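User: Could you take me through this model in a series of questions, with the criteria behind each term stated as it comes up?

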Amino acid sequence: MITSALPASREGRRPTRSSDDSITAWVLAARRGDADAVERLVRALHRDVQRYVAHLCADPQAVDDLAQDTFLRALGSLHRFEGRCSARAWLLSIARRAVVDSFRHAATRPRLSDVHDWLPAAERAQSPHAPGFDDGVALLDLLTALPAERREAFVLTQLLELPYAEVAVLSGCPVGTVRSRVACARATLLNLLTEADPAAGV
């Protein structure tokens, strides 16, 4: 069953300033060689990075590798971080580049599979008994119907709860464009929900 519960508008909601400040402080401490700060940073942002790359790449098998690649790149680039933006936005911009690079790399290689019809095999490998599995699959299916820029804006603001201003910096566009993309994404998702289940639009 497709749930009608889209995330409420979250322009006013965001990770608390203190949590963003703490994460930024950990990056700055990690830059100075503090191993504990590195561990805290990874623990604090690992789930956000995984969710972000999962929605960008649409390949569940690649999510862990892309998240690991993101943190490796970030740790190798600590010397470049100066705290001008939040560490969360900085790390997600690195995740975005990791996904883009993986697309470029995959485009130069043929897709290999042990079975002739690999998509049904991949779907059968997922556990249908995981909590929220049906709703999660439904949301992923709906999100794939969105243009990439709208999907990214929606995921960053509504699922990862980044402020619109940071998403604008991350996406390289004005804040108004981010708002427009999110509004269009929400409208499209609501229309798709209504088409799939007319009671969802009530």
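This is a predicted model: local features need pLDDT of at least 70, side-chain atom pairs count only at pLDDT 80 or more; totals for chains, interfaces and linings use all residues.

User: How many helices and strands does the secondary structure of the protein come to?

Analyst: Helices (H or I, at least four residues) and strands (E, at least two) are taken as DSSP runs and numbered from the N terminus. From the N terminus on, the elements run α-α-α-α-α-α-α-α-α. The totals are therefore nine helices and zero strands.

User: What percentage of the 202 residues in the protein is buried?

Analyst: A residue is buried under 20% relative accessible area, exposed over 50% and partly exposed in between, with a 1.4 Å probe and protein chains only. Over the 202 residues of the protein, the buried share is 37%.

User: What share of the contacts with a separation of 6 or more joins residues 24 or more positions apart?

Analyst: Contact here means heavy atoms within 4.5 Å. Among the contacts in the protein with a separation of 6 or more, the share from residues 24 or more positions apart is 68%.

User: How are α2 and α7 oriented relative to each other?

Analyst: The axes of helix α2 (residues 35–57) and α7 come within 10 Å and cross at roughly 160°, the axes being lines fitted to C-alpha atoms, for helices over the stretch in contact, with angles from 0 to 180 degrees between N-to-C directions. Angles under 35 degrees count as roughly parallel, over 145 as roughly antiparallel, 65 to 115 as roughly perpendicular and the rest as oblique. At this packing, R51, Y52, H55 and L56 in α2 meet R151, E152, V155, L156 and L159 in α7. The two helices are therefore roughly antiparallel.

User: Which hand does the crossing of α7 and α8 have?

Analyst: α7 and helix α8 (residues 164–171) pack at an angle of about 145°, with their axes 10 Å apart, and E152, A153, L156, T157 and Q158 in α7 meet Y164, V167, L170 and S171 in α8. A crossing is left-handed if the near helix is turned anticlockwise from the far one by less than a right angle, and right-handed if clockwise. The crossing of α7 and α8 is right-handed.

User: How are α2 and α3 oriented to each other?

Analyst: The axes of α2 and helix α3 (residues 63–76) come within 9 Å and cross at roughly 130°. The residues that meet include V38, L41 and V42 in α2, and V63, D64 and L66 in α3. The crossing is right-handed, and the two helices are therefore oblique.

User: Which residues is V175 in contact with, leaving aside its neighbours within four places in sequence?

Analyst: V175 lies in helix α9 (residues 175–196) and counts as partly exposed at 26% relative accessibility. The C-alpha atoms of V175 and Y164, 11 residues apart along the chain, are separated by 6.2 Å. With those neighbours left aside, V175 is in contact with Y164, A165 and A168.

User: Is T24 buried or exposed?

Analyst: T24 has its place in helix α1 (residues 17–31). Leaving aside its neighbours within four places in sequence, T24 is in contact with F81, G83, S86 and A87. At a relative accessible area of 14%, T24 is buried.

User: What is the geometry of the pair formed by the rings of F81 and W90?

Analyst: Rings of Phe, Tyr and Trp (its six-membered ring) pair if their centres lie within 6.5 Å; planes under 30 degrees apart count as stacked, over 60 as edge-to-face and the rest as tilted. By this rule the count is one aromatic pair. The rings of F81 and W90 have centres 4.9 Å apart and planes at 50°, so the pair is tilted.

Methods:
Residues are numbered from 1 along each chain as its sequence is written. Side-chain values use heavy atoms; hydrogens and water are left out.
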